[in-house]
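My notes are below, in the order I made them.

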Amino acid sequence: MNIETDNRIFLAKTISGLEEVLERELRSLGATDTRILTRAVEFRGDIRLLYKVNYCSFTALRFLVPVEEFEIAGQDDLYARLREMSWEDWLDPSGTLAVDAVISDSAFTNSLFVAQRSKDAVADRLREKFGTRPSVDLQDPSLRISIHLRGNACTVSLDSSGNTLHKRGYRKRAGEAPLSEVLAAGLIRLSGWDPSVPLYDPMCGSGTIPIEAALMATRTPAGFFRKDFGFMKWKNFDQDLWDKVKKEADEQIIPAESQIRGADSSLRAIDGALMNLRYSGTGSLITLQKSGFHTTKPPYEKGMIIMNPPYDERLKLDDSVAFYRSIGDTLKKLYGGYQAWIISADLEAMKFIGLKPSKKIKIYNGPLECRFMGYDLFKGTLKEHKSSGNQ
């Protein structure tokens, strides 16, 4: 199972709705032969690129390295084929192991059973070679294996990322229902934000959107604050190559003069966001304040708003309708000259914002189907706007 080739296939997993954003990002990092899949992008590269994308990608959740594909007839066949593989090339019996399984259109119906059976095959192979089996560690294993069954086709991959890449390492405090760092970065990319444009998140919670924007503006690698990645535990890990990749990426970091502001009506949320700012080193770029969106004047004459208002089950429909209507009223009254982007899973309540979206993007926040709506806000009345030649 040698993956040290100059041109091999890798698979980047992401959030549904961010596939095109991720493909563009991977191409900018040097990936070739990209192909968009469902919640994933396939691409080609070498080990150097694998290290680089893990460190620098803002919109990938994890990077898988396919190492084997085969057809199976049943559970015994799955076990036998996995036991034949040279797992000793990747894992010593003193190491730890975890197996994840995904099933679609297969005779197998229980992914936990497939993961358990696969783990047994790997462990039995190593016991046969060394006389002892590795132990299981679901949180931080030496080797994480991904099994994907589609029909009778089985793809076996190694997880090069370890912990999902949304765990950047800077978020020390999170509020209720925090926005994933990968989703926040994806929303910023989807909005088309340019660092020269002032950015405002009036419902910033733990500060994830402002922090991700600041990291992008300074070209700071998304993985800058992480201590480790899955590939670092592999037997073939090349420390010198990793040091070079990291050094080259870190040398691209620049000072920035972007105007980025976050606000929230909760003092507890602001306190948490301030802590996250300190750990992320973005405090010089971001201004935070405790304030309510509906009662605060715009921080800039014009700019971009990206917000993630509440849309969980605690907000009853009557309340959510009034809440979203008030968001629309505030945007119309105070934010002429801005572009506003709002993500929400409350698709019914979003209709009451009362503005016609210029863009509408389907995206998922965990299991929740959301819409990411873009609104172009103009100053004055609609009649004045049209008469000025702006359509």
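This is a predicted model: local features need pLDDT of at least 70, side-chain atom pairs count only at pLDDT 80 or more; totals for chains, interfaces and linings use all residues.

**Entry 1: salt bridges**

I started with Arg81 and Glu84, whose side chains meet in a salt bridge at 3.7 Å, N to O.

Buried or exposed: what is Glu84? I looked it up, and Glu84 has 53% relative accessibility, so it counts as exposed, being over 50%. Arg81 comes out at 27%, so it is partly exposed, between the 20% and 50% cut-offs.

Next I checked Arg83, and its salt bridge partner is Glu128, with the closest N and O atoms 3.2 Å apart. This pair links distant parts of the chain: Arg83 is in helix α3 and Glu128 is in helix α4 (residues 111-130), 45 residues apart. Arg83 is partly exposed at 28%, while Glu128 is exposed at 52%.

Then I went to Glu369 and Arg371, which form a salt bridge with their closest N and O atoms 2.9 Å apart.

How many salt bridges does the structure hold? I wrote down 24.

**Entry 2: the sheet**

Now the strands. I found an open sheet of seven, in the order β11-β10-β9-β12-β13-β15-β14, with mixed pairing. Which are the edge strands? They are β11 (286-290) and β14 (359-365), and each pairs on one side only. On average, neighbouring strands in this sheet are turned by 20 degrees against each other, ignoring direction.

A reminder to myself: strands of a sheet pair through backbone hydrogen bonds, either parallel or antiparallel. I looked for an antiparallel case and got β13 (residues 339-344) with β15 (residues 368-376), joined by six bridges. One partner I traced there is Phe372 in β15, which bridges to Ile343.

For the parallel sense, I took β9 (residues 199-201) and β10, with three bridges between them. Asp201 has Gly262 of β10 as its bridge partner.

**Entry 3: a closer look at β10**

How many residues of β10 are buried? Five of its five are, so I noted the strand as mostly covered. In a regular strand the side chains alternate between the two faces of the sheet. I checked directions in β10: Ile260, Gly262 and Asp264 point one way, Arg261 and Ala263 point the other way, and all are buried.

**Entry 4: helices on the sheet**

Helix α5 (residues 181-191) lies across β12 (304-307), β13, β14 and β15, and runs at about 170 degrees to β14. Helix α8 (residues 267-280) packs on the sheet too, touching β10 (260-264) and β11, and its direction makes about 160 degrees with that of β11.

Terms used
Residues are numbered from 1 along each chain as its sequence is written. Side-chain values use heavy atoms; hydrogens and water are left out. Two strands pair if DSSP finds at least two bridges between them. Helices (H or I, at least four residues) and strands (E, at least two) are DSSP runs, numbered from the N terminus. Axes are lines fitted to C-alpha atoms, for helices over the stretch in contact, and angles run from 0 to 180 degrees between N-to-C directions. Contact means heavy atoms within 4.5 Å. A salt bridge is a side-chain nitrogen of Lys or Arg within 4 Å of a carboxyl oxygen of Asp or Glu. Buried means under 20% relative accessible area, exposed over 50%, partly exposed in between (1.4 Å probe, protein chains only).
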